[in-house]
There are 2 protein chains.
Amino acid sequence: MQNKEIRFASRPAGMPSAETFQFVETDLPQPGDGEVLLRTLYISVDPYLRGRMRPGRSYVAPFEVGDVISSGAVAEVVESRAPQFQKGDVVTGMMGWRLFNVAKASELRKIDPQLAPVTTSLGVLGMPGLTAYFGLLDIGAPKEGETVVVSGAAGAVGTTVCQIAKLKGCRAVGIAGSDEKNRYLEQELGVDATINYKNGDVAQALKDACPKGVDVYFDNVGGEVSDAVMPLLNHGARLIICGQISLYNLDKQDIGPRPQPYLLVNSALMQGFIISDYASRFPEGVTQLAGWLGAGKLKYAETIVEGFENTPQAFIGLFSGENLGKQIVKV
Amino acid sequence: MQNKEIRFASRPAGMPSAETFQFVETDLPQPGDGEVLLRTLYISVDPYLRGRMRPGRSYVAPFEVGDVISSGAVAEVVESRAPQFQKGDVVTGMMGWRLFNVAKASELRKIDPQLAPVTTSLGVLGMPGLTAYFGLLDIGAPKEGETVVVSGAAGAVGTTVCQIAKLKGCRAVGIAGSDEKNRYLEQELGVDATINYKNGDVAQALKDACPKGVDVYFDNVGGEVSDAVMPLLNHGARLIICGQISLYNLDKQDIGPRPQPYLLVNSALMQGFIISDYASRFPEGVTQLAGWLGAGKLKYAETIVEGFENTPQAFIGLFSGENLGKQIVKV
């Protein structure tokens with residue numbers, strides 16, 4: 001049996017394209033002691049992977065040209081040479097974009113398909129959910145009655161942030177890129193007000209949506225959308241820098257109004273973070289998120305593209321906002 | 001006897017000038033019950049006062065045209081109608097730019113001229129010293145061996161920040177606007193490396209001065225000087241936004257590279273603050289600063305201009321960096 005993998009073919013200038021990726025057929029790998037052979041079921045495509053396509057340092061080591069792209073995935077154990085797993089188990093972890101992977105058992109986590117759909121381990125119960133949970137609650141520390149603004153509100157992280165803000169008794173204001181997404185946010189998730197940043201005057205719309213100013217800003221997007229938030233900050237505001245997706249494909253440095261003067265006059269805090277900063281507290285986060293999910297207090301959306309061959313396109317689509325909620329590829 | 005006062009004559013566009021101020025002779029005021037008549041000895045001129053000259057909100061309420069300018073000052077009690085003070089006492093507090101002020105006893109603090117020169121209550125033992133103390137230690141939380149970069153390093157706040165960084169076992173790197181100031185920082189205050197931002201390539205000089213990157217950045221200046229710090233941030237860096245003096249006289253919005261991407265990839269924190277956020281902890285700060293001062297571990301510099309009529313010029317001189325350490329007017 002042959003394997004297939006997607007390699008990093010060339011560093012993109014600007015938006016990644018089909019030329020960024022190369023499909024290669026290889027031999028099926030064999031697991032060694034302590035390893036398992038995995039058949040990939042679902043692949044998570046995430047905006048942060050764009051950062052790994054740059055040569056410089058980002059969150060994590062950059063991809064080198066020729067590397068197999070890797071990201072979070074869900075897979076089924078086909079053959080096990082590790083006592084922790086047996087054939088048929090479903091596991092999650094970081095995996096290469098391959099039909100079959102060999103992985104160390106120690107780097108995988110078994111998931112229970114009875115508890116929740118297995119794809120939630122890539123979304124609301126996985127990295128995006130934990131990112132929302134720790135970013136909003138630990139850095140943002142929202143208090144009842146405060147106004148929480150979320151950019152990229154209809155994405156995997158944003159949808160969860162909006163709902164946790166509501167669970168904490170806050171006014172949630174979502175910024176997204178289509179009226180359809182905003183309808184979902186308001187009607188399905190109970191978001192109090194939404195703004196389509198592609199329509200008209202974002203600054204004025206945001207002002208109207210935040211009559212008491214902004215206490216917490218959860219930023220997935222950066223750039224001009226964030227600029228519009230700054231004049232509305234309240235004293236002691238907290239700004240969580242979770243992502244800057246509007247900038248990831250910029251070829252040159254991002255230029256705009258520096259936010260420091262706004263932070264200064266409002267004694268405001270701006271904090272960047274990466275979810276691995278909270279690794280020691282993941283169990284707490286998963287338990288809480290699963291509790292809300294089980295109690296029907298937390299919903300999630302997924303956009304599932306079918307077919308391994310569509311993985312690059314699913315990734316590229318993140319930057320034009322084609323996804324509602326978590327973007328996943330069903331292999 | 002006549003009194004004299006300095007009023008806010010017109011809102012400056014750009015740099016304040018003589019036209020911003022108006023000298024007016026008035027009658028000597030009379031203290032009521034619970035009040036004292038004060039003869040001004042020293043006036044503190046501070047960069048933040050520029051913010052009060054704008055119509056919009058800043059730290060504090062803006063000056064209205066026609067208002068007497070006010071700031072921190074040291075004065076002698078000439079007549080007391082309050083039990084807390086008697087004639088001859090030396091006090092500090094917020095006062096109008098006048099030869100004589102009437103003030104409520106409850107808004108003044110008595111100072112002991114035997115303990116330290118009375119001008120220190122406007123500098124190292126006053127607002128600038130406390131700003132350095134709480135900003136660096138509470139927000140910056142520098143650890144031994146870390147690198148602390150200070151912009152506006154030769155000012156009243158910056159000189160204190162540099163020395164506290166050294167007391168905490170850090171590498172202190174100062175950025176100032178003249179070689180003379182930098183000699184003072186290195187030779188008198190023990191700063192490890194300095195950069196004259198008016199000379200050559202600040203980004204390269206900063207890189208050379210910070211071989212282990214930047215853990216803490218105490219920013220009094222903003223703008224391009226701060227831009228040069230961003231690429232050097234270490235994981236978990238803390239940026240204290242204390243002032244943005246390079247921008248205070250800008251007529252238009254400050255544009256430059258937004259810092260969010262740097263905060264994101266380094267899990268870095270940027271926090272604005274105003275010293276009044278720490279009002280409840282002032283006694284702790286003054287005690288610690290006075291202890292270091294008494295033990296010879298903390299030095300301070302003052303630039304004293306003589307003559308009430310030179311108060312506006314002393315204020316304007318802050319923006320071209322004419323002062324080393326605390327700028328004070330001796331009335």
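In this predicted model, helix α2 (residues 127-140) of chain B and helix α8 (residues 282-294) of chain B have axes that come within 10 Å and cross at roughly 100°. Angles of 65 to 115 degrees count as roughly perpendicular, and α2(B) and α8(B) are therefore roughly perpendicular to each other.

- Two packed helices are described by the angle between their axes and the distance between the axes.
- On the α2(B) side, the contact is made by B:Gly129, B:Leu130, B:Tyr133 and B:Phe134; on the α8(B) side, these meet B:Phe282, B:Gly285, B:Gln288 and B:Leu289.
- Sorted by class, the contact of α2(B) with α8(B) has 5 nonpolar residues, 3 polar residues and no charged residues.
- An α-helix has 3.6 residues a turn, so residues three or four places apart point the same way.
- Helix α8(B) has 13 residues, which at 1.5 Å a residue should span 18 Å; the end C-alpha atoms of α8(B) are 18 Å apart, in agreement with that value.
- Just after α8(B), B:Gly296 adopts a positive phi of about 75°.

**The sheet across both chains**

- Strands of a sheet pair through backbone hydrogen bonds, either parallel or antiparallel.
- An open sheet with mixed pairing is formed by 12 strands, in the order β10(A)-β9(A)-β8(A)-β11(A)-β12(A)-β14(A)-β14(B)-β12(B)-β11(B)-β8(B)-β9(B)-β10(B).
- At the edges stand β10 (193-196) of chain A and β10 (193-196) of chain B; each has a single partner strand, so one side of each is left without a neighbour in the sheet.
- On average, and with direction ignored, neighbouring strands of this sheet are turned by 15° against each other.
- Strand β9 (residues 171-176) of chain A runs parallel to β10(A) and is joined to it by 4 bridges; A:Gly174 has A:Thr194 in β10(A) as its bridge partner.

**Helices that pack on the sheet**

- Helix α3 (residues 156-167) of chain A packs on the sheet and touches β8 (147-151), β9 and β11 (214-219) of chain A; the direction of α3 makes about 165° with that of β9(A).

**The relation between the chains**

- The same surface serves both copies, as 100% of the contact residues of chain A recur in chain B.

Methods
Residues numbered from 1 in each chain as written. Chains lettered and ligands numbered in written order. Predicted model: local features only at pLDDT ≥ 70, side-chain atom pairs only at ≥ 80, totals over all residues. Axes fitted to C-alpha atoms, helices over the stretch in contact; angles between N-to-C directions. Helix = DSSP H or I, 4+ residues; strand = E, 2+ residues; numbered from the N terminus. Parallel < 35°, antiparallel > 145°, perpendicular 65-115°, else oblique. Contact = placed C-beta atoms within 7 Å. Nonpolar A, V, L, I, M, F, W, Y, C, P; charged D, E, K, R; others polar. Expected span 1.5 Å × (residues − 1). Pairing = 2+ DSSP bridges.
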